[in-house]
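This briefing sets out selected structural features by topic. Please consult it alongside the sequence and the coordinates.

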Amino acid sequence: MYEQFPVRKFVAPEIILGNGSRSLVGQYAKTLHGRNVFLVSDPGILRAGWAGEVRDELERQDIHVVLFDKVSPNPRTSEVAKGSQEYQENECDLLVAVGGGSPMDCAKAIGAVVTNRCHVLDLEGVDEVTVPGPPMICVPTTAGSSADVSQFAIISDENKRRKFGIISKAMVPDVSLIDPEVTLTMPPNLTAETGIDALSHAFESYVSNASSNMTDMYALEATKMIARYLPQAYEEPAELRFREKVMLGSMYAGLAFSNASLGLVHSMAHSLGGYLDHSHGECNAKLLEVVVAFNHSTVPERYSALEAAMDGSSSCTTRGLESLRSRLRELTDSLDMDPGLSKMGVREEDIPYLTENAYNDACHVTNPRPAYREDIARLFHEAL
Amino acid sequence: MRRSEEEIRAEALRQKIIGLGETSHRKSYYPQLQEQIDELHATLKALQDSENKYRTLIENVNVGIFRSDIKDKGRLVQANPAMCRILGYEDERAILEADPDEFYQDPQDRRAIIDELKKEGRIKDKKVRMRPRSGGTIIVSMTMTALYDEMGDISFIDGVIEDITEKEMKEEALRQANKKWNLLSSITRHDINNQAMVLDGYLTLAMERTTDAEVRKLLSKARSSVQSIERHVAFAKDYQDIGINAPRWFDLRESLINALIPLDKASLSVRLEVDDYTIFADPMIGKVFYNLAQNVVRHSKGSVLEISTKEEDGSLVLSFQDNGVGIRDKSRLFMRSNSTSGFGLFLSKEILSITGVDIRETGEAGKGARFEIIFAEGQYRSPAASQGLPKQ
């Protein structure tokens, strides 16, 4: 099943990493010939001051800025439509996203809708973006989604209460300014949720049946850093050195999952998030353990490697599923996260609908163990 | 079976995510983008071809085409090769550097033209005397249109000039030849009339002196011949004036009223029911109207003449309806032999035909004569369109 040296592609944006890298946004906007920037953010980031700082930086370079902050935590098709309309009305020529996964995914979808002159629902699936969007710069403010380096954009179809993915190499942003400083304002619960999202990226890409040598390296390194530093960043939010490590871990996980894709955790989390409008990180946290249990027998040695990475060692002695489960629970406990979907408000009768949407999600095609509707339904039950 | 189909679908999706297939492209290379660029190239090429087409046309025509910048003392900003040739400049660069006053024989003409353009916005077929760089005088026909800026001021003038010097010279020669011919013809007519009058006098005297009935009869025939000669001479006088002066636009009602002034109003009452039309005709058109009215008294023996207008199938019909006996034999109407016997219709038809206007007789014998003059489209202007025309 696992090929030692498969032929694989690796796509990444131009990455500028380090404290203060956000101040280069004006310079990069100019490099990309932006004269009229469409700045996508959300009200929280605006309050934290990061969007304003980026706007000032752009205006210092005599670049006109149109601010769009009508983005919900799970960005909706109507917000994408509104954004693309405003982009065109203002004749913008460059996208800058400042925020977590929501503004970044929304901005990516806006760009694709603008150039493809279609409804965002028409872009659902893999390689459905026929014309690349306008140039795009991301300044991520969470250490988790890694939408700034990935080929994914996840949008909520609010009418059907589901999420769908736009997956295309054209969705990879042009420039990512990864600046750990901007994660200092994240409240602890958001730090925990986004951090667990990053860990899920690392886990799922490492066991993905599309993984490669390069993605493996990033996935393991990400796992190591997140497992070690996420609890510390959670405990001491103002400590930049922990933030830096978690941010780096998140970026590694992003590069891994963008190229190796994900698995069942994300298919189920998308379904859940679309239905209940809960935070993506929280959904992941509740599903990771049950999916690991489902997949474990298919790729036990891979999970052993992940567990070893979590412990910071490189020994790959198989310790078994239970050891890994308890290691994961230990981590979520340290982040004060409660397992159990029922606490999120999921009821038995919701499971068929959740199952159908999760089954139709493209993420689990790379899950190491093929999952069918009955498997997914059973896993939802287990996670209640 | 169902599962295996789903497995195939999942595997296809997985391959797409791995992205080694043809549908996976980065921003830097996209076939669709290339298509758009190719389309743009094709459009630019078509635009270039179209521009070349018009450029060749403008460069090859025999009329001068130019644009002048009124805000830069009227200096030319564009001129085609014909423009340079007409004004004697070697190329466009040379003519663009020239002071536009130098183009005119009388620089006052230029100011007058600009004043007129400011007022009218457009000038058509204006004859201007210009001075080519090599010296001498040329006559050009000039048509110009003013272009305005956002403030509504004239910014540029686009114009076309045609060298009509040769044409003008030929026309002048023709005018001179005509003038000589008219002079000769008028002197000759005068002399013939004098001699005819003398001859008529002698014939009258001879008739008085003889009692021989046979001789008197012969003398009477000779007098008739003399009178016929006088009529021929009179016809020749009228005929020579046709087409001498250029046709122009006339106010129809005014022309009719002026033409009918010499009529004996005691024997003929005229009812005029014509709308405000203007007509394009030879300046002798009044003669036609007079003749038609005169015929009512002389030949149709009517006492009332009704003149009216009516538009029919895009034409204007001007009718002369009388209440006389009408015309029984229409076969020889408008023929030359008839004109000498007094109808004058041949002459009328000739005058009208200069501007292509038609005439016909549609009356019913016994119920009066009805002459209809038909002005086709372009030969008349309706009341609405005539408004604002300068009085002719």
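Helix H6 of chain A (residues 188-207) has 20 residues and reaches 29 Å from its first C-alpha to its last, close to the 28 Å expected at 1.5 Å a residue; the expected span is 1.5 Å times one less than the number of residues. The model is predicted: local features need pLDDT of at least 70, side-chain atom pairs count only at pLDDT 80 or more, and totals for chains, interfaces and linings use all residues. Residues are numbered from 1 along each chain as its sequence is written, while chains are lettered from A and ligands numbered from 1 in the order in which they are written.

- Because 18 of its 20 residues are buried, H6(A) is largely enclosed by the rest of the structure (buried: 20 or more other C-beta atoms, placed from the backbone, within 10 Å of the residue's own).
- The largest nonpolar core has 129 residues, and Val96(A) and Ala256(A) have the most contacts inside it (a core is a set of buried Ala, Val, Leu, Ile, Met, Phe, Trp, Tyr and Cys residues joined through C-beta atoms within 7 Å).
- Helix H7 of chain A (residues 213-235) supplies the largest share of this core, 11 residues.
- Beyond its neighbours within four places in sequence, Ala256(A) is in contact with residues including His201(A), Ala202(A), Tyr218(A) and Ala222(A) (contact: C-beta atoms, placed from the backbone, within 7 Å).
- A second, separate core of 31 residues includes Leu260(B), Leu305(B), Leu347(B) and Leu352(B).

**Sheets** (helices, H or I of at least four residues, and strands, E of at least two, are DSSP runs numbered from the N terminus; strands pair if DSSP finds at least two bridges between them)

- In chain B, an open sheet of three strands has the order S6-S8-S13 with antiparallel pairing.
- Its edge strands are S6 (248-251) and S13 (380-381) of chain B, each pairing on one side only.
- Four bridges join S6(B) to S8(B) (residues 278-281), and Arg248(B) has Ala281(B) as its bridge partner.
- In chain A, an open sheet of three strands has the order S5-S8-S7 with mixed pairing.
- Six bridges join the antiparallel strands S7(A) and S8(A) (residues 162-167), with Ser156(A) opposite Lys163(A).

**Interface between the chains**

- 16 residues of chain B are in contact with 19 residues of chain A.
- Helix H1(B) contributes six residues, the largest share of the side of chain B that touches chain A.

Conventions. Buried ≥ 20, exposed ≤ 12 C-beta atoms within 10 Å, placed from the backbone. Contact = placed C-beta atoms within 7 Å.
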